[in-house]
Amino acid sequence: MSPLPRRTFLSALAATAAITSASACSPTPADSVRSRQKAGAAGATGPAEAAAAAARRLLPRHHSQLTFVTAPRKPGHQDAFRVSGKEGAITISGTTAATQLTGLHTYLKHSTDSHISWAGEQLDLPEQLPAPAGGAPLTREANTPHRFVLNDTNDGYTGAYNDWTYWERELDVLALHGYNEVLIYVGADALYHRVFQEFGYGDEELRKWIPSPAHQPWWLLQNMSAFPYPVSRQLLDKRAELGRRIADRVRQLGMKPVFPGYFGTVPPGFAGKNPGAKTVPQGDWMGLARPDWLDPRTEHFARVAAAFYRTQDDMFGASTLYKMDLLHEGGSAGDVPVGAAAKGVEKALQAAHPGAVWVILGWQKNPPKAIVDAVDKSRMLVVDGISDRFPTITDREKDWNNTPYTFGSIWNFGGHTALGANTPDWAALYEKWRTKSGSKLRGVCLMPEAADNNPAAFELFSELAWREGSLDLAAWFKEWSVVRYGGADRHAAAAWDVLRRTAYGTTRADSWAEGAEGLYGARPSLTAKKAASWSPEAMRYKPADFEPALGHLLEVAEKLRGSSAYRRDLLDVARQALSNRSRVLLPQIKKAYDAKDKAAFDRLTRVWLGHIDLLDRLVATDSGHLLGSWVAQARAWGADAKEQDELAYDQLSLVTVWGNRAGAEGGLHDYANREWAGLVGGLYRLRWATYFKELKAALDEGRAPKKIDWFALEDRWIRKPGQLATSPTGDTYRLAVEVRDRLNATR
């Protein structure tokens with residue numbers, strides 16, 4: 001991480017920070033607080049107190065050496081921070097608690113070669129924290145006002161059943177990385193349940209309409225409803241409580257909650273219960289019933305929207321940002337003019353929250369010009385999910401008629417564990433688009449469909465909104481190798497240079513933003529080219545060029561191997577190298593089968609299943625790669641055995657068949673495939689072993705292989721997956737060595 005430039009216009013921060021240099025006998029200033037003071041979450045009364053409470057959670061051994069100061073934002077400028085001080089006494093001033101925490105993390109990276117991430121951390125800090133590197137204060141101002149984070153699908157693919165312990169840590173980490181707008185869907189189910197009881201619906205029929213938590217994001221997007229089981233009252237109550245707690249903490253940290261707004265979703269039969277209402281049927285989506293759409297031009301819509309926002313305010317508090325996507329992925333407007341509908345949605349939002357911003361997803365053909373031209377553009381923000389995906393995207397001002405937007409990335413779909421991102425596009429496009437004449441770029445939006453992965457991409461993308469000038473990726477990744485492991489090491493630098501040129505060196509030239517998955521998670525076929533229907537069919541870099549990264553990581557100095565950051569990276573790289581090999585091995589198996597070479601077929605399929613077994617043992621060493629833990633989280637929300645089984649099915653179905661048979665066979669199966677222990681060694685191994693057994697029988701008997709009902713097999717496994725581990729086992733380093741040796745032996 002290169003030194004940060006000083007900014008002379010941060011004089012307000014400097015002046016405020018100077019307060020703390022007063023004599024130790026002086027009273028503590030009202031706008032500053034030392035971490036050692038009791039500023040717990042419940043009692044935090046201001047930004048400095050909230051930042052201090054977070055520091056105590058994150059740095060329990062060092063928080064007493066930190067002083068946080070709140071400084072006003074200078075007119076005409078964005079959030080900013082300043083870090084100064086001497087050994088053992090560091091002062092961090094900033095405009096909000098989150099900005100102060102961004103300053104803390106910047107200091108940790110630049111002055112202590114340490115960091116905190118959502119996937120591993122390295123905090124081998126000296127007993128006394130050092131003065132800022134170079135002897136001068138670290139200063140930085142954000143280059144844009146909007147730093148939006150999380151995808152609509154986050155509450156499904158990352159984990160619908162995460163508890164407060166998870167969310168408290170996640171919000172701290174997001175604040176450390178400079179984000180100030182957080183999408184919150186938790187508790188929206190309870191909101192809809194309460195609102196529509198005012199419009200003729202009973203408790204039970206609403207609970208049947210609302211999907212189970214893992215599938216709720218697509219209900220909120222108006223794609224589906226009523227799957228797989230009705231929600232219970234106790235579940236709704238617990239999710240509402242958690243949603244409020246998340247929203248309150250977001251505000252406490254000086255960030256803004258982004259809530260779902262109301263754009264017309266209604267339960268079945270709304271017009272029958274509310275005479276005169278006009279609804280537009282939406283049909284089915286992937287075999288599941290879409291909710292009807294209430295015409296936003298009507299008085300009935302205005303009444304429902306008013307009740308929605310009033311109830312939402314009561315349950316979660318108000319905000320200034322509301323996420324809404326009309327007619328998502330194939331929705332039908334019927335005879336309702338889209339522009340007029342947008343005006344109705346906007347009118348209802350502004351009536352409830354004057355001046356609020358309508359946040360809308362940039363995805364496929366969304367938002368159409370009919371929407372952006374119908375509304376007040378100053379009150380709309382497009383969070384662009386495909387800035388780094390298609391080379392044809394060159395002028396967002398033209399695409400959306402000068403609607404403000406944010407530069408975004410979705411580097412994984414469904415939570416795929418493939419490593420990498422189109423970082424050259426970030427370096428080439430963000431600053432260019434931000435600084436061009438007439439630019440409407442107003443921020444960044446980090447939106448992988450599942451979070452808590454790809455830590456290098458997370459770190460680099462998060463820095464975009466806090467940088468100036470060109471981005472030298474070679475230098476950045478070299479410096480990242482130091483920060484990530486706590487010291488300079490030639491093997492670490494070499495490993496990350498390999499990764500920069502391979503997994504992190506892809507570009508949007510091929511119209512993809514995520515890496516290709518391995519084929520172990522694909523439904524078995526000798527011609528399989530991908531696991532999910534909407535994934536790249538080919539590797540986006542040469543697998544042989546990637547594999548040296550594993551050897552380099554294994555040679556990193558032993559003293560730098562102790563952190564969770566090193567272990568996570570070693571696991572990721574070893575997993576990816578083994579996963580990539582599936583694309584080399586499968587064509588060999590096909591060749592042996594087509595040639596009726598039984599000996600070669602038996603040998604190669606044993607190698608394939610052996611790779612699956614090794615992959616499962618490797619990922620079983622990390623708590624974040626355990627399917628059993630994910631399922632246990634779901635079960636923990638159930639009130640009795642029946643509900644626990646239903647919630648486990650909800651969770652497991654999402655990462656396997658996704659929905660019902662029609663949806664699975666329509667392309668949704670394995671959309672959310674991931675290389676996790678229990679899933680790799682459970683369902684994935686079962687499928688391939690079953691397939692190879694049938695192919696062998698076909699060879700032995702001289703017949704065509706019989707068709708296998710994969711959905712039936714998958715559904716049986718989901719309902720009875722067997723014992724799934726909830727605690728990690730094995731040693732990541734030893735198994736990574738085994739992966740390297742296995743790959744070298746089978747070249």
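## Second largest pocket

The second largest pocket of this predicted model has a volume of about 530 Å³, and of the 22 residues that line this pocket, Glu329, Trp363, Gln364, Glu449 and Tyr671 are the closest to its centre. A pocket is an open set of points on a 1 Å grid over the protein atoms alone where a 1.4 Å probe fits, with protein on both sides within 12 Å along at least five of seven lines, and lining residues have an atom within 4 Å of a point; a volume is the space filled by probe spheres set on the points.

The lining divides into 14 nonpolar, 4 polar and 4 charged residues, where Asp, Glu, Lys and Arg count as charged, Ala, Val, Leu, Ile, Met, Phe, Trp, Tyr, Cys and Pro as nonpolar, and the others as polar.

## Largest pocket

About 990 Å³ of space lies in the largest pocket, whose lining of 40 residues comprises 14 nonpolar, 17 polar and 9 charged. Helix 5 gives the most to this lining, with 5 residues (helices are DSSP runs of H or I of at least four residues, and strands are E runs of at least two, numbered from the N terminus).

Strand 12 is joined to strand 15 (residues 292–294) by 2 bridges, and valine 280 stands opposite tryptophan 293 in strand 15.

## Basis of the values

Residues are numbered from 1 along each chain as its sequence is written. Local features need pLDDT of at least 70 and side-chain atom pairs count only at pLDDT 80 or more, whereas totals for chains, interfaces and linings use all residues, and side-chain values use heavy atoms, with hydrogens and water left out.

Note on methods. Two strands pair if DSSP finds at least two bridges between them.
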